[in-house]
Amino acid sequence: MAVSISQYVLKVCSRCDLACDHCYVYEHADQSWRAKPKIITEATASQAAWRIREHAKIHQLDAVHVVLHGGEPLLLGHDGLRGVISTLRSLIDPVTQLDLRVHTNGVLLDEKLCALFADYAVQVGVSLDGDRTSNDRHRRFSNGRSSYSEVGRALELLRKPEYRHVYAGILCTVDVRNDPIVVYEALLAEAPPRVDFLLPHATWERPPYRPPGTQTPYAAWLARVYSRWVADGRPMPVRFFDSLLAAWEGRPSQSEAAGLDPVDLLVIDTDGAWEQTDSLKTAYEKAPATGLDVFAHSVDEAMAHPGVAGRQAGIAALCSICRECPMVRACGGGLYTHRYKSDNGFDNPSVYCEDLKVIIPQIVTRPRTVPSASVPGGDPSARHLLPEGAFEVLSAGPGDPAAMAALADSHWSVIRALIAKVASGLGGRGSDLERAAAEGWMLLSALDAERPEAVREVLTYPYVQAWALQCLRPAKGADLDLDYAHLAGLAAAAALRAGIEAELMLPVREGSIYLPSVGALAVNTGPGRTAVVRVSPSGLSTPHCTLAWQTVRRVTIGGMSIAVEDIDPFRDCQVWEPSGRLSTARWNAWRLGLAAAARQLAAELPTYAGVIYTGLRSVVPMRPRAVGSRQSGTARHAFGALALALPGDVGTLSALLLHEMQHVKLTALCDLFDLFDQADQRRFPVPWRADRRPVEGLLHGTYAHLAIADLWRSRSRQTPVLPARRLFLMYRSWVEKGIEVLMQSGALMPQGERFVNGMRSTVEEWADDS
Ligand code: SF4
Ligand code: SF4
């Protein structure tokens, strides 16, 4: 049972300037809005804030979330909203982190309100049901006039660089009469940081519209959006899909409509009444009412109301059908309101049950791709992500530059989504670090529109993903403000590449400011945690006392510029420790070694070499390890980066490059395709190690050794001496054994079998070499 409430919907206005015919506030069973004050008073808002503060303090909450809602909250006007917002901030901010949002139809949003929301760090969500035709189906003024242009103007305002950081996203109510792809594309065109699709509120008494002859039209509609979204590389988070997957994987769903988490949400109406979730207005008259209010009752008392307490029991609170359902972990019985029937209340599956049973498996069993009949072996939506034949050439060993470039494209989609997620978690603008992060994000957003190639160049730098994940999954004791402010360093690097002028505050980390992929500058800012930096086409300048500039040094191989990364603060994401800044002598050793290894590889295995030059962005020099232990590695979250301890000879270095790039390619493929059963915990014998390995390790090892076998095959042909031949035969036998164990493991998905068969074809071509 939940012991506290951290989410509140504060209704600041009970009327609306639109008259949407699908509105649950005015058009459904509960008509209590008629008796409510039109707007909240200062006294009520203040008392509500006191109650939230009191509860947060007693329960020592890390954060509370408050959404200003209505009706239409902007009808409260600029001054009224300022009063409510400043009251909430002044009372709640001192005791906990306040995530403050407003949800609006957008009609009244103007510059002045955007500036107010930016000043008080209020995130703005806007309702939009798709393109003009789709939106006009319901979202109209009372005289029937379309609201589409006004909403479009509001979203345009939120996209401006100065407000972009308060743009929270779009809420779209599904109507199956609208074309799902047209709706999806219309929403995508608004560049929202996040989208949510809402099923129209309905109950068993008032079922949703279903076109004649259809059984599960909502599943079909959402499946088309899901396929397209996956094929596009998930360009923004979509809460409906993300929540179901999170719940299925045992993470918090962050949504009332998915999973079995206790519901810790209360509504405060304009008269100060504590109410249950708003959607209950669809069920019956006064369904959300508790009879309690903020003046006489605390949050703890409101929590004890049977309607609220009854939402805390997880699976035990569901009907027997849901309790037995294999989808229950993700579905959670659907939205509470959607279960209502007049004869037995909420003891039913969702009225959308049949749709949910169809759509949920598509999302949770194939989190990365969706099925289609067009590619044998499954996972065909990835056809949109990889060029024709790319999967085959990659599975055969080397791949080709086009396939490698396509893997890099899909990685770019992942990075965009991750960074949007980081930006959606930006805090207020109180401290210098918070301001640095917000201003960095604004500049990146503006540059993304004007100079996208410069932004992509910086954001696809390998350690950006490691940084973003560090922000999203902070380690204990992490300095989150400092980490988030790294956005400013990324923006400065992108501005430098774009050749524009900009002034930014950059975070100071251990005495230096970092421009990822460019360099680092040691500065003396005293106790200050940020440094002001001016970027221009001629370089970087700062009013602070500067101590030393360190550039990211590069080697050109195969016409590509590869960074030898020894300064990026987020490069430490491999299995062992990276070296510090290389001395000039060591740098020269690396420079000459990498160039020689690349030349040798190009002579020995030109196809592999071409792919390596396409995908390799950086090499991290690592501290040498004990002789006999592994001297190279890759990090799952640093696509295009290798970590190496410099070996003494060029032949070994080229083999390490080859070996590790196999891991880079396979890791990226595993992000696109379900190659093996992730839940399979078994370990299998492998010929190259004494210990048994999980199926993922077995697959990776076999793929890496496939390339190494090819290398020794080439070497044995060029220099037909016995050791090279012996090594080829040894590596080939390892690959053959790996393939055999993989195929007998029962752990491969159809696409994984395709991949292993690709490796087998290559080995079979070597039969004559025996
Ligand atoms: S804008 Fe929102 S509150 Fe207003 S009528 Fe439409 S759905 Fe209802
Ligand atoms: S899919 Fe249907 S039966 Fe299963 S949990 Fe959801 S509502 Fe209940």
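Student: At what angle do helix α16 and helix α17 pack, and how far apart are their axes?

Tutor: Good place to start! In this predicted model, helix α16 (residues 432-450) and helix α17 (residues 452-459) pack at an angle of about 125°, and their axes are 6 Å apart.

Student: Why are α16 and α17 called oblique to each other?

Tutor: Angles of 65 to 115 degrees count as roughly perpendicular and those over 145 as roughly antiparallel, while the rest, once those under 35 are set aside as roughly parallel, count as oblique. The angle here is about 125°, so α16 and α17 are oblique. On the α16 side the contact is made by L444, L447, D448, A449 and E450, and on the α17 side by P452, V455 and L459. By class, that contact has 6 nonpolar and 2 charged residues, with no polar ones.

Student: How do you know that the length of helix α7 agrees with its number of residues?

Tutor: The expected span is 1.5 Å times one less than the number of residues. For the 15 residues of α7 (residues 217-231) that gives 21 Å, and the end C-alpha atoms are 21 Å apart, so the two agree. Just after α7, G233 has a positive phi of about 80°.

Student: What makes α7 mostly covered?

Tutor: Buried means under 20% relative accessible area, and 11 of the 15 residues of α7 are buried. Among them are Y218, W221, L222, Y226 and W229. The buried residues pack against α6 (180-188), β6 (195-198), α8 (239-248) and α13 (353-364).

Student: Why is D242 called partly exposed?

Tutor: D242, which lies in helix α8, has a relative accessible area of 29%. Partly exposed is the range between under 20% for buried and over 50% for exposed, so D242 at 29% is partly exposed. Leaving aside neighbours within four places in sequence, D242 is in contact with W229 and P237.

Student: What makes K36 count as buried?

Tutor: The cut-off for buried is under 20%, and K36 has 11% relative accessibility, so K36 counts as buried. K36 lies in the loop between β1 (7-11) and α1 (42-58). Beyond its neighbours within four places in sequence, K36 is in contact with S14, R15, D269, T270, D271, A273 and E275.

Student: Which residues are around ligand 1?

Tutor: They are C16, L18, C20, C23, G71, N105 and R139. By class, this shell has 4 nonpolar, 2 polar and 1 charged residues. Cys and Leu count as nonpolar, Arg as charged, and Gly is among the polar ones.

Terms used:
Residues numbered from 1 in each chain as written. Chains lettered and ligands numbered in written order. Predicted model: local features only at pLDDT ≥ 70, side-chain atom pairs only at ≥ 80, totals over all residues. Heavy atoms only, no water. Near = heavy atom within 4 Å. Helix = DSSP H or I, 4+ residues; strand = E, 2+ residues; numbered from the N terminus. Buried < 20%, exposed > 50% of the residue type's maximum accessible area, 1.4 Å probe, protein only. Contact = heavy atoms within 4.5 Å. Axes fitted to C-alpha atoms, helices over the stretch in contact; angles between N-to-C directions.
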